[in-house]
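My plan was to look things up bit by bit and jot down whatever I found.

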Amino acid sequence: YGAPFTKEVRNEILESLAPGYINGLSLLGGEPFEPENQPGLLELSRRIRAAYPEKSIWSFTGYVYGQNLPQLPGVTDALLAGLDVLVDGPFIAARKNLGLRFRGSDNQRLIDLPKTLKTGAVVLWDETQ
């Protein structure tokens, strides 16, 4: 936290994903989809896919997919295409639900991005997985 995202940090993340008991990586706060964060996370996600194609990559965002996600030409769509699941929407304390998996309030969605991008419509991730 608070340190610059350097090549050394990126390499440390890649090395930490090597053990078989690590299923993947989650990209989260600050805010992964702030324009200044997207290029570095795109490079990281591409390196993860190349080194560990079996590992999942999730991202959490306070933005809403298809509505207000900041778009960087040539970056945002590629970053989304490299994700397995996008958890979108702001946490809303009045809608807090501790019974939900992988999110804090019931307005947030678990979006299966490969299926969503293939169909062109939002497909929710199968929570029974």
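Below are my entries, in the order I made them.

**Entry 1: what kind of model**

I reminded myself that this is a predicted model. I kept that in mind for everything else.

**Entry 2: the largest pocket**

How much space lies in the largest pocket? I found about 610 Å³. I then looked up the lining and got 20 residues, with Ala3, Phe5, Leu28, Gly29 and Leu41 lying nearest the centre. I also checked which elements take part: α1 (7-16), β1 and α2 each supply at least two residues of the lining.

I placed Leu28 in the loop between β1 (24-27) and α2 (38-51). Buried or exposed, I wondered about Leu28? Leu28 counts as exposed because its relative accessibility is 51%, and the cut-off for exposed is over 50%. I also noted that Leu28 and Thr61 are 33 residues apart in sequence, yet their C-alpha atoms are 6.9 Å apart in space.

The peptide bond from Gly29 to Gly30 is cis, and I read its omega as near -10°. I wrote down the background rule: most peptide bonds are trans.

**Entry 3: Glu31, a charge without a partner**

Glu31 lies in the loop between β1 and α2. I found Glu31 buried and without a salt bridge. Where is the nearest side chain of opposite charge? It belongs to Arg109, 13 Å away. A salt bridge needs the nitrogen and oxygen within 4 Å, so I left that pair off my list.

What does the side chain of Glu31 reach instead, I asked? I got the backbone nitrogen of Phe33, at 3.0 Å. Leaving aside neighbours within four places in sequence, I listed Asn37, Phe60, Thr61, Gly62 and Tyr63 as contacts of Glu31.

**Entry 4: Lys55, another one**

I put Lys55 in the loop between α2 and β2 (56-60). Lys55 is buried and has no salt bridge either, with the nearest side chain of opposite charge, Glu54, 4.5 Å away. The side chain of Lys55 does reach the backbone oxygen of Ile22, at 2.5 Å. Not counting residues up to four places away in sequence, Lys55 touches several others, including Leu17, Pro19, Gly24, Arg49 and Asp84.

**Entry 5: salt bridges**

How many salt bridges does the structure hold? I got seven.

First up was Arg47 with Glu43, whose side chains meet at 3.2 Å, N to O. Both lie in helix α2, four residues apart, which is about one turn of the helix. Arg47 counts as partly exposed at 38% relative accessibility, and Glu43 counts as partly exposed at 35%. I also checked Glu43 against Leu79: they are 36 residues apart along the chain, and their C-alpha atoms are separated by 8.6 Å.

Next I took Asp84 and Arg49, which meet in a salt bridge at 2.7 Å, N to O. Asp84 lies in the loop between α3 (76-81) and β3 and Arg49 in helix α2, so this pair ties together parts that are 35 residues apart in sequence. Asp84 is partly exposed at 22%, and Arg49 is partly exposed at 24%.

Then came Arg95 and Asp106, at 2.6 Å, N to O. Both sit in the loop between β3 and β4, eleven residues apart. I noted Arg95 as partly exposed at 38% and Asp106 as partly exposed at 43%. Last, I saw that salt bridges with shared partners join Arg10, Glu43 and Arg47 into one network.

**Entry 6: a phi to remember**

Key:
Residues numbered from 1 in each chain as written. Predicted model: local features only at pLDDT ≥ 70, side-chain atom pairs only at ≥ 80, totals over all residues. Heavy atoms only, no water. Buried < 20%, exposed > 50% of the residue type's maximum accessible area, 1.4 Å probe, protein only. Lys, Arg positive; Asp, Glu negative; His and termini not counted. Polar contact = N/O pair within 3.5 Å; in protein donor to acceptor, adjacent residues only side chain to side chain. Contact = heavy atoms within 4.5 Å. 1 Å grid on protein atoms, 1.4 Å probe; cavity = no way out; pocket = protein on both sides within 12 Å on 5 of 7 lines; lining within 4 Å. Points joined across faces, edges and corners; volume = space filled by probe spheres on them.
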